[in-house]
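Please read them with the structure open beside you.

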Amino acid sequence: MHRRLVYGDEAALAEVYAAYGMLVHRVATRVTRDRNAAEDVAQEVFAHLWTRPYAFDARRGSLRGWLSMLAHRRAVDWVRGEERHRKAAHADETALRAVPAQGPAPDEAILEQERSLLLHSALARLPLPQQQVVHLAYFAGRTYRQAAVELGIPEGTAKTRLRTALRTLAETLADPPPPLRGEHR
C-alpha cells in the first residue's frame, strides 16, 4: 500500500482513508472538541500523506499509529493556534477599551499620520504574495486559513507568508529610513 502511495496511486489513498479516516477524525475530535476543526485536521493529515508519502516509515511503526500521531499533533497545533488567536483578540479588545474616547492632540495626530505613512510604505516594499496575505488578514479581517482559501494556496504557505511579512514589517518599522535631505522635523 505504501509503495502505491509513493507512486501516486489514488486508489491506495482511498483505501487508506476508508480504513483509517474514522480513526483520524476521532483523534482530532477528541483533541479539538470541534467537529469542523477535526474535519480540517483529518483533511490535512490525508493531504500530508498524499503529498509526502515518504514521510511514513514502516520500520518505525504502523500506518495506523503514524496517522494517529499525525492527527494528534495537527489537532494540538490547531488548539494552540486557536488559543493564541483568542488571546490576541482579547488583547486587542482590551487595548481598544483603554483608548480614550476623545480625539488625539494635534501633535499626536501628526505622529500617527507619520506612522501610517511608514507602515504603508513598508507594506508597499513587501513582495506581492506577502502583501496579499497581510491585506486579507489585517485589513479584510480574514484568518490565515481563510486567506489561504481565497488565494488558492496551502495554509502553511499563507501562514509562512504572513509570519515573514510581519517579521519584515517589524524590522522595517523598528529602524525607519532617515529623513530625506532638506526635510526638517
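1. Helices here (H or I, at least four residues) are DSSP runs, numbered from the N terminus. The model is predicted, so local features need pLDDT of at least 70 and side-chain atom pairs count only at pLDDT 80 or more, while totals for chains, interfaces and linings use all residues. Residues are numbered from 1 along each chain as its sequence is written, and side-chain values use heavy atoms, with hydrogens and water left out.

2. Of its 33 lining residues, the closest to the centre are Thr143, Tyr144, Arg145, Glu155 and Lys159. Elements giving two or more residues to this lining are H3, H4 (63-98), H6 (128-139), H7 (144-151) and H8 (155-174).

3. Helix H2 bends by about 55° at Tyr20, the bend being the angle between axes fitted to the seven residues ending there and the seven starting there.

4. Tyr17 and Phe46 form an edge-to-face aromatic pair, 4.9 Å centre to centre with 70° between the planes (ring centres within 6.5 Å; planes over 60 degrees apart for edge-to-face, under 30 for stacked, the rest tilted). Tyr17 lies in H2 (residues 10-32) and Phe46 in H3 (residues 35-51), so the pair ties together parts that are 29 residues apart in sequence. Phe46 is buried, with a relative accessible area of 6% (buried means under 20%, exposed over 50%, partly exposed in between, with a 1.4 Å probe and protein chains only).

Key:
Phe/Tyr/Trp six-rings, centres within 6.5 Å; stacked < 30°, edge-to-face > 60°. 1 Å grid on protein atoms, 1.4 Å probe; cavity = no way out; pocket = protein on both sides within 12 Å on 5 of 7 lines; lining within 4 Å.
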